[in-house]
Amino acid sequence: TRPGASGRLLERERELEALAAAVGAAADGTPGLVLVEGPAGIGKSRLLAAAKTLADESGLRVLAARSGELEREFPFGIVRQLFESLLSDESARSDLLSGAAGAAAPVFEPPRERRASDAPGEGSFAVLHGLFWLTANLCLERSLLLAVDDLHWCDRASLRFLAYLARRLDDLSVLLVAGYRRSEPGADQALLAELTSDPQAQLLMPRLLTSTAAAEVVRDRL
């Protein structure tokens, strides 16, 4: 769904209200999981962008990533997109990877500097647990939004972490928002199902625009 000339999202009031409520709850320390499902072009990315804007305006720390079809074989690629920029400073890295979070350190080390024995296994409980505590350390000062677009192309290791995190959100002031397409070839349907079937998950399924809204988009753009 393209915005009109005013930048509005047309016929997405219900979805925007749900995102605003989830962001408001996260700002007050209540975790959430919101999944935006729909076919290509329905406006999932625009809704995630709106969630990021709402979160930023509400004082949340915003971390975002976007999966790519050609990068799905890169283990922990989405995890690195989310967290790597925060770990570039040595002092911040030391603080954020302290304690139990230290088990996640190999994920962020350049491959050429990593010993083969230290390579992070995509199913390693220790690494997933370390990433959980990295997330916990990040939301100590303020609530956190993790936004992941095109989840259907997410690498398996990162998807495992997101599913692991989703089951443990009760202990964190974290809002996880993701957009995805169902039945995408090559997607790990079992791991996606773990997220979508989570009792805490709120599923948003934007509908096609009506002819009235479509006409307004055409008028605005032409």
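Me: Before we look at the sheet, what makes two strands a pair?

Reply: Two strands pair if DSSP finds at least two bridges between them. Helices (H or I, at least four residues) and strands (E, at least two) are themselves DSSP runs, numbered from the N terminus. Here, strand S3 (residues 144-149) and strand S4 (residues 174-180) run parallel and are joined by five bridges. Across that pairing, Ala147 stands opposite Val177 in S4.

Me: What should I know about the model and its numbering?

Reply: This is a predicted model, where local features need pLDDT of at least 70, side-chain atom pairs count only at pLDDT 80 or more, and totals for chains, interfaces and linings use all residues. Residues are numbered from 1 along each chain as its sequence is written, and side-chain values use heavy atoms, leaving out hydrogens and water.

Me: In what order do the strands of the sheet lie?

Reply: In general, strands of a sheet pair through backbone hydrogen bonds, either parallel or antiparallel. This open sheet has five strands in the order S2-S3-S4-S1-S5, with parallel pairing. Strand S2 (61-66) and strand S5 (201-204) are the edges, each pairing on one side only.

Me: How do I read two packed helices?

Reply: You use the angle between their axes and the distance between the axes. Axes are lines fitted to C-alpha atoms, for helices over the stretch in contact (heavy atoms within 4.5 Å), and angles run from 0 to 180 degrees between N-to-C directions. Helix H2 (residues 44-57) packs against H1 at about 35°, with the axes 10 Å apart.

Me: Which residues of H1 meet H2?

Reply: Glu15, Leu16, Leu19, Ala20 and Val23 do, and their partners in H2 include Leu47 and Leu54.
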